[in-house]
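The sequence and structure come first.

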Amino acid sequence: MTIEQMKMPQLGESVTEGTISSWLVKPGDVVNKYDSIAEVMTDKVNAEVPSSFSGTIKELKAEEGETLAVGEVICVIETETGSSTTIENEDLRGDEPEQAIEDAYNASEGNSMKSRYSPAVLKLSQENGIDLTTIQGTGREGRITRKDLLKQIEMKDLPQETAQPKVKTEEQTQPKPKPKVEQTSSTGTVPVHKGDIEVPVSGVRKAIAANMLRSKQEVPHAWTMVEVDATNLVNYRDSLKGEFKQKEGYNLTYFAFFVKAIAQSLKEFPEVNSMWAGDKIIQKKDINISIAVATDKALFVPVIKHADEKTIKGIAREITELADKVRTGKIKSDEMQGGTFTVNNTGSFGSIQSMGIINYPQAAILQVESIVKRPVIVNDMIAVRSMVNLCLSLDHRVLDGLVCGRFLARVKEIIEDMSKENTPIY
C-alpha cells in the first residue's frame, strides 16, 4: 500500500487557485483512475476534477468552499501499488509546501519587484484590510509571503495598550445618552442598514475579483478608441441573416464579422498578439481569440482557436456553441485555455464606450460597442450612418500607441469595406 496525493490542478492559463465547490467522494470511498472526485470553480471555468489514481480515499484536505492554490494537496488516496512513499499529514499541509507554491509563482512570473504579490497574499490582505505597502517582506528578494501577513494579523489581534491603564475622569465615567439612529450593522467598512440585502460572494466571484485585481495592479493599462462606420456591414449582414439562420440553424451575428476582422488584423500586426513574461515579451504564433460570455453570476472567456483560419460562418458557429456550453455549464477546461487576445461584445448590453480590464497575461482586450445610427458628415453632407466605437485597453509594457493605432486603423478599414463583393461568409 502507498499513499498518493491529489493536488489542485491548473484549470486554465493564468489560473493560480481553485475553490472546492463540492466533493463527489468521502473518506473510505473506492475510486478508479479518471473518476470525478470534486467540482472546482475558478475565474475561468467550473470543472470536475478526475482522480489520478485508483484506490481508497483516505482524507479530504479541504472543506467545500475552501480556496487552494494550484499545486496544493486536496486529498490523499491509498493505492495498491505506486512509487510514492508514505507522507505524514503534517507534511501535506505544513508551511513549506505553501511557501514553495509562492516561490514557484514568483519564479514562473519572472517577478523581481517587491510590489508584485501572489494571489494568496492578495486574497489574505483584502480579507483583513491590510495595506501591503506597509509590510516588510521576508520572502525571496523582499517579497511579501503569507507568513508575513499572518504575523501581521496576529499583531493586530493583540491588545493595543500594554502600558499602565489610564485613570478615567469623572466626566468619562458618566454614561452618555445614546443618539437615536437607524439600526445598522457593519460588514467590513460598509455600513449595512435595515432592509439592505447581503449577498454572499461565491467562489467564482471571488476568483474573478482576484484575477481582475491582479491585472489592474500588475498591468499598466492604457486606452484608445476609434469610431467606425459599420453601415456597409449592417446592410450586408441584414441581407443574409434570414437565409443563413434557415440554412445553418444558428444566427449570423455582427460579432462574428468583428472577430474575423480583428483576427485578420492580428495576423498583420503580430505585436498586438503578445504576452508579457517578465524579462521578455512572447509574441504568440497562433491567433486564439478569447470571447467574453456572461452568465447571471459570472463571466467566462472561452477561446476560438486559430480564428484567423476560420470563415465568418465558422466563427459564428463557434460563438454560438461556446456560449451555449457556458450557459449550460458544459464548457470544458481546454476550451477556456490558450487565448492570446480577448474581444468583448459589450455592445450587446447597449454600451457605447467602455474600458475593459485586460485578461491577464494577454496584452490587450478590445470592446466592440453598440452599433448606433448617428448623423455624420459624408462628402460635406449630413447623412445617417450606423456607427460603432471600438475601445482597446492595452498593456503599456508590451504595446505603444503607434502600433495599437495602426492595428485599430486596420480593423476599421476592414469593417468599413465589408460587402458582398469583398467579404465571403463561407
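## Surface and overall content

The accessible surface of the chain is about 23700 Å², and carbon and sulfur atoms account for 51% of that area. The model is predicted. Of the 426 residues in the chain, 43% are buried.

The chain contains 10 helices and 21 strands. Taking contacts between residues at least 6 apart in sequence, 65% link residues that are at least 24 apart.

In soluble globular proteins, nonpolar side chains tend to be buried together. The largest nonpolar core here comprises 59 residues, and F341 and F407 have the most contacts inside it. Helix α8, spanning residues 254-268, supplies the largest share of this core, with nine residues.

Leaving aside residues up to four places away in sequence, F407 touches I262, S265, L266, F269, V272, F341, L366 and L392.

Strands of a sheet pair through backbone hydrogen bonds, either parallel or antiparallel. In this model, four strands make an open sheet with antiparallel pairing, in the order β1-β8-β6-β3. The edge positions are held by β1 (2-7) and β3 (30-31); each has a single partner strand, so one side of each lacks a neighbour in the sheet.

The partner of β3 is strand β6 (residues 55-60), joined to β3 by two bridges and running antiparallel to it. Within this pairing, V31 lies opposite G55 of β6.

How values were computed: Residues are numbered from 1 along each chain as its sequence is written. This is a predicted model: local features need pLDDT of at least 70, side-chain atom pairs count only at pLDDT 80 or more; totals for chains, interfaces and linings use all residues. Side-chain values use heavy atoms; hydrogens and water are left out. A nonpolar core is a set of buried Ala, Val, Leu, Ile, Met, Phe, Trp, Tyr and Cys residues joined through side-chain atoms within 4.5 Å. Buried means under 20% relative accessible area, exposed over 50%, partly exposed in between (1.4 Å probe, protein chains only). Contact means heavy atoms within 4.5 Å. Two strands pair if DSSP finds at least two bridges between them. Accessible areas come from the Shrake-Rupley method with a 1.4 Å probe; for residues, only the protein chains shown count as cover.
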